[in-house]
Amino acid sequence: MTPKHHPTPLSGGDRKALKKELGKARAMTGILATQSDELRAKGDALIRQADRLLAESWNERMWADGEPVDPSPTVDQAINGGYPLLQIECSRCKAPSQVDLAALLHPPTTFVHDLASRLRCQKCAKAGRRPPATLLQLTQRPRIVPPED
């Protein structure tokens, strides 16, 4: 983009005034850009905190009510809030499992409670059954599952 052209005034006083105003405008652009960056960083931090609180609230309601609670955070909100994993349990064999929300092929605007009917137990699928999974909670880090004998 070409810089804006300001015609040079004929008198010396006007040239000095124009130079002074252009200097002020250029200095102000730097100040405003810095303030914009700071506010954007604060806003991103607040959104991350709000997403974390939404995920924690949903986890508490899931624990208290024991069923997929609507409304739930979206996949994108859960990941942004620091809860990238979803703990599930097979409704048939009760095998616990974790799903990485970032690896799902669903749009990031999908609500977590809508995933209940789409997730299936891999262990039961090998036996020819496809029972739906029961959603338990969102988690921050992987839970270590002991190996099966």
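This text walks through the structure from its overall layout to single residues.

The model is predicted, so local features need pLDDT of at least 70 and side-chain atom pairs count only at pLDDT 80 or more, while totals for chains, interfaces and linings use all residues. Residues are numbered from 1 along each chain as its sequence is written, and side-chain values use heavy atoms, with hydrogens and water left out.

Start with the layout. The chain has 3 helices and 3 strands. Helices (H or I, at least four residues) and strands (E, at least two) are DSSP runs, numbered from the N terminus. Along the sequence, they follow the pattern α-α-β-β-α-β. Helix 1 covers residues 12-65. Helix 2 spans 75-80, and strand 3 spans 133-139. Strand 1 (85-90) and strand 2 (96-100) have a loop between them.

Of the 149 residues in the chain, 23% are buried. Buried means under 20% relative accessible area, exposed means over 50%, and partly exposed lies in between (1.4 Å probe, protein chains only). A contact means heavy atoms within 4.5 Å. Among contacts in the chain with a separation of 6 or more, 62% join residues 24 or more positions apart.

Now go inside. In soluble globular proteins, nonpolar side chains tend to be buried together. A nonpolar core is a set of buried Ala, Val, Leu, Ile, Met, Phe, Trp, Tyr and Cys residues joined through side-chain atoms within 4.5 Å. Here the largest one has 19 residues. Those with the most contacts inside it are Trp58, Leu86, Leu101, Leu119, Leu135 and Leu138. Helix 1, helix 2, strand 1 and strand 3 each supply at least two residues of this core.

Which residues does Leu101 touch, not counting residues up to four places away in sequence? They are Val75, Ala78, Ile79, Tyr83, Pro84, Leu86, Leu115 and Leu138.

Follow one of these, Tyr83. Tyr83 sits in the loop between helix 2 and strand 1. Tyr83 is buried because its relative accessible area is 7%. Leaving aside neighbours within four places in sequence, Tyr83 is in contact with Arg52, Ala55, Glu56, Asn59, Ala78, Leu101, Leu138, Thr139 and Gln140. Take Leu138 from that list. Tyr83 and Leu138 are 55 residues apart in sequence, but 5.8 Å apart in space, C-alpha to C-alpha.

Asn59 is in helix 1. Is Asn59 buried or exposed? Asn59 has 10% relative accessibility, so it counts as buried. Apart from residues up to four places away in sequence, Asn59 touches Tyr83, Gln137 and Leu138.

Charged side chains come next. A salt bridge is a side-chain nitrogen of Lys or Arg within 4 Å of a carboxyl oxygen of Asp or Glu. By this rule there are 2 salt bridges. One joins Glu56 and Arg52 (3.0 Å, N to O). Glu56 and Arg52 are separated by about one helical turn because they are 4 residues apart in helix 1. Glu56 is partly exposed at 27% relative accessibility, and Arg52 is partly exposed at 28%. The other joins Glu21 and Lys24, with the closest N and O atoms 3.7 Å apart. Both lie in helix 1, 3 residues apart, which is about one turn of the helix. Glu21 is partly exposed, with 46% relative accessibility.

Helix 1 also holds Met28. Met28 is partly exposed because its relative accessibility is 41%. Met28, Ile31 and Leu32 make a nonpolar surface patch of about 270 Å². Patches are made of residues with over 30% relative accessible area and no salt bridge; like charges are joined within 9 Å, and nonpolar side chains (Val, Leu, Ile, Met, Phe, Trp, Tyr) within 5 Å.

A disulfide is a covalent bond between the sulfur atoms of two cysteines. The cut-off used for a pair of cysteine sulfur atoms is within 2.5 Å. The structure holds 0 disulfides. Cys90 is buried, with a relative accessible area of 2%. Cys93 is partly exposed, at 29%. Lys94 lies in the loop between strand 1 and strand 2. Lys94 is not a glycine, yet has a positive phi of about 60 degrees. With a relative accessible area of 48%, Lys94 is partly exposed.

Conventions:
Accessible areas come from the Shrake-Rupley method with a 1.4 Å probe; for residues, only the protein chains shown count as cover.
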